[in-house]
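Student: Could we go through this structure together, a piece at a time?

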Amino acid sequence: MEESRSALVLFSGGQDSTTCLAWALERFQHIETVAFDYRQRHRIELDQRLVVREELRRRFPHWASRLGEDHLVDLAVLGQISETSLTRDVAFAMEQNGLPNTFVPGRNLLFFTFAAAIAWRRSIRHLVGGMCETDYSGYPDCRDNTVKALQVALNLGMDKSFVLHTPLMWLDKAETWAMAHQLGGQALVETIREHTHTCYRSERETRHAWGYGCGECPACSLRKRGYEAWTKGAA
Ligand code: ZN
């Protein structure tokens, strides 16, 4: 495969990374996906992501031939060293430093670094992640400058010319729904509503207009607000 036409997508199986995967499938010839098992409480996302991949193959035949291998990296060590509400059984809350306790320090830095190591071995040039600093929880590793600095560090450290793409960086959640619709029409919006997983609590019992989830955790709230804003704007 041709290095410059290949991409590796950080794909957790949520709304954002599914939209990023669709974005990559439209742009590149060969796309692989990677996810990380860091003993997150919402590990159900690791099952859902495989369902989403299958649905994309089934519903979008022109994408199916481009969608290549999937990689699952065991990052148990990240769960061991992180005292956060995503990796421990504690309530979601804001910390004194202004960050929610869902922040796992260094998570996105590690994710992109491991992804680059895989891309290096697989001769893939483009890395894609769903980081966003418009409508986000204030995570400093989601900021555009962080990602740009990391791109430079990875290229220096691995002697490569990786390109780190963050197609959602300047979109809010409503615009992310709109982007999914633009990329794959109602079929992609349906796939996202039905199969992607965003809820920090792993709740998949209750189906809302915007998908499954508890409806109250920070991740559900963002997804819900965005969906409502998008449908209101589109109506
Ligand atoms: Zn939730």
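Tutor: We can take a helix, the aromatic residues, the core and a histidine in turn. This is a predicted model, in which local features need pLDDT of at least 70, side-chain atom pairs count only at pLDDT 80 or more, and totals for chains, interfaces and linings use all residues. Residues are numbered from 1 along each chain as its sequence is written, and side-chain values use heavy atoms, with hydrogens and water left out.

Student: How many residues does helix 2 have?

Tutor: Helix 2 covers residues 44-59, which is 16 residues, and spans 23 Å from first to last C-alpha, close to the 22 Å expected at 1.5 Å a residue. That expected span is 1.5 Å times one less than the number of residues, and helices (H or I, at least four residues) and strands (E, at least two) are DSSP runs, numbered from the N terminus.

Student: Which residues of helix 2 are buried?

Tutor: They are E45, L46, Q48, R49, V52, R53, E55 and L56, where buried means under 20% relative accessible area, exposed over 50% and partly exposed in between, with a 1.4 Å probe and protein chains only. An α-helix has 3.6 residues a turn, so residues three or four places apart point the same way.

Student: And what do those buried residues pack against?

Tutor: The buried residues of helix 2 pack against helix 1 (15-27), strand 2 (30-37), helix 3 (61-64), strand 3 (67-74) and helix 7 (173-195).

Student: Is R59 buried or partly exposed?

Tutor: R59, which is in helix 2, has a relative accessible area of 33% and is therefore partly exposed. Leaving aside neighbours within four places in sequence, R59 is in contact (heavy atoms within 4.5 Å) with A187, E190 and T191. The side chains of R59 and T191 are also joined by a polar contact of 3.4 Å; such a contact is a pair of N or O atoms within 3.5 Å, and within protein one must be able to donate a hydrogen and the other to accept it, while residues adjacent in sequence count only if both atoms are side-chain atoms.

Student: Switching topic, how many aromatic pairs does a search of the whole structure find?

Tutor: The search finds seven aromatic pairs. The rings of W23 and F28 have centres 6.2 Å apart and planes at 65°, so that pair is edge-to-face. Rings of Phe, Tyr and Trp (its six-membered ring) pair if their centres lie within 6.5 Å, and planes under 30 degrees apart count as stacked, over 60 as edge-to-face and the rest as tilted. Both W23 and F28 are buried.

Student: What about W177 and W230?

Tutor: Their ring centres are 6.3 Å apart and their planes at 10°, so W177 and W230 are stacked. Because W177 lies in helix 7 and W230 in helix 8 (residues 218-234), the pair ties together parts that are 53 residues apart in sequence. W177 counts as buried at 0% relative accessibility, and W230 is buried with a relative accessible area of 14%.

Student: Now the core: which residues touch the most other members?

Tutor: In the largest nonpolar core, which has 63 residues, they are L127 and L188. Such a core is a set of buried Ala, Val, Leu, Ile, Met, Phe, Trp, Tyr and Cys residues joined through side-chain atoms within 4.5 Å.

Student: Last one, where is H71?

Tutor: H71 is in strand 3 and counts as buried at 9% relative accessibility. The side chain of H71 makes a polar contact of 2.8 Å with the side chain of E32.
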